[in-house]
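Look over the structure before reading on.

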Amino acid sequence: MHDIRALRENPELYEKAWAAKGRSGASSEALKLDEALRAAQTALQTGQSRRNEASKLIGQAKAKKDEAEASRLMAEVEALKGELAANTEAEKAATEALRDLLASLPNLPAADVPEGADEEGNVEVRRWGEPNAIANPKDHVDLGEALKLMDIEAAGRMSGARFTVLKGQLARLERALGQFMIDMQTREHGYVEVSPPLLVRDDAMFGTGQLPKFAEDLFHTTDGRWLIPTAEVSLTNLVREQITPEEELPLRLTALTPSFRSEAGASGRDTRGMIRQHQFYKVELVSITTPDQSEAEHERMVGCAEAVLKALQLPFRTMLLCNGDMGFSARKTYDLEVWLPSQGKYREISSCSNCGDFQARRMDARTKKAGEKGTQYVHTLNGSGLAVGRTLVAVMENYQDEKGRIAIPQALHPYLPGLTHIGGDL
């Protein structure tokens, strides 16, 4: 959500940012609606003042026994009722139109975000690790099916496309990855584990920016709730409509949950295997900070996500997204991209975003310093630490051998006691 006062003061800044997202002219449209709203408010206030004044004069006229003047004033008050009703409706309509428009417009990029129309404009910040030289690498589907531990056909029979059944040691490996990630984020990085709802109401989805723009990307229940596309929704909404003492910030929260996405905008993309699923597990990281903490917290969060890939010895690169490739709610985003041997390229496995006060305004989430009267909006940040399914894909492909076995990364040995390879009997 946006502050209309800030838009009035610097419309060029907003217009440039929104034009990069395909919303050219939105700033002018918003200012016209703002002007209409203020005109309606002025007319309503003027009418109310005249009604109150006339009502007082009626009493004075009656006290003077001036029935003619009292009747005239009473007729004026009666006429004002219709005018006030019309002005009230005009104010309501203008308020809703301006609110709806501002709610549909994306966040503004931070000053250090590079310009660009799409992923071609993203900037590589750093790389870690060297891709292993694997002769004729198999992709994760071929590996899993050869081991008889992945059954996409059975998943399709019961649920349709973009679902996968994992069995035996592969299911254990997925579970171990999620447990390893949540343990690292809580034990080593100070995040507080949360077990949040997976079903939320409209207001929660609106607060983090999924609604109204991305309704088609979500799953909606028959009783009016939504399946979360990420635990970001549940974790961030813990502070909605709250004033959090500044002394308690930053709040660092994490959760290992299923995520549900319709992938409505991904038709034809990554249809093979587990890269893009309707249902998958993810460890989510959320931070709630003061405005002056958020930039440093963002860099810290990226480091916490990178630490998982380093511990698993998976080569990756860190990308700073350009303004045209960032998500709706983000003001700055880093993507982590892991190396996939079968594709011979890096693929996204985590996205870490600083949303500034954009989500906080939609949720009315504030903070207050002890001893001071005023409040300010918090800043919210979110990131994957990591997407479990995609991490499983990366482990399978990077740890495969020529026999089709999958070695277990050293960091996971405590979670899979006695198991060093999947498919050890091949």
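Q: Where is the place of W128?
A: This is a predicted model. In it, W128 sits in strand 1, which covers residues 123-128.

Q: Why is W128 called partly exposed?
A: Its relative accessible area is 28%. Buried would need under 20%, and exposed over 50%. The value for W128 lies in between, so W128 is partly exposed.

Q: Which residues does W128 touch, not counting residues up to four places away in sequence?
A: W128 touches L309, K310, Q313, L314, P315 and F316.

Q: How far apart are W128 and R261 in sequence and in space?
A: They are 133 residues apart in sequence. From C-alpha to C-alpha, W128 and R261 are 30 Å apart.

Q: What makes helix 7 oblique to helix 10?
A: Helix 7 (residues 168-188) and helix 10 (residues 294-311) pack at an angle of about 130 degrees, and their axes are 10 Å apart. Roughly perpendicular ends at 115 degrees, and roughly antiparallel starts over 145. The angle falls between those limits, so helix 7 is oblique to helix 10. Their crossing is right-handed.

Q: Which residues make the contact of helix 7 with helix 10?
A: Helix 7 brings F180, M181, M184 and Q185. Helix 10 brings C304, A305, A307, V308 and A311. Eight of these residues are nonpolar, one is polar and none is charged.

Q: What span does helix 3 reach, and what is expected?
A: Helix 3 (residues 26-63) has 38 residues. From first C-alpha to last, helix 3 reaches 56 Å, close to the 56 Å expected at 1.5 Å a residue. Just after helix 3, K65 takes a positive phi of about 60 degrees.

Technical notes:
Residues are numbered from 1 along each chain as its sequence is written. This is a predicted model: local features need pLDDT of at least 70, side-chain atom pairs count only at pLDDT 80 or more; totals for chains, interfaces and linings use all residues. Side-chain values use heavy atoms; hydrogens and water are left out. Helices (H or I, at least four residues) and strands (E, at least two) are DSSP runs, numbered from the N terminus. The expected span of a helix is 1.5 Å times one less than its number of residues. Axes are lines fitted to C-alpha atoms, for helices over the stretch in contact, and angles run from 0 to 180 degrees between N-to-C directions. Angles under 35 degrees count as roughly parallel, over 145 as roughly antiparallel, 65 to 115 as roughly perpendicular and the rest as oblique. A crossing is left-handed if the near helix is turned anticlockwise from the far one by less than a right angle, and right-handed if clockwise. Contact means heavy atoms within 4.5 Å. Ala, Val, Leu, Ile, Met, Phe, Trp, Tyr, Cys and Pro count as nonpolar, Asp, Glu, Lys and Arg as charged, and the others, Gly among them, as polar. Buried means under 20% relative accessible area, exposed over 50%, partly exposed in between (1.4 Å probe, protein chains only).
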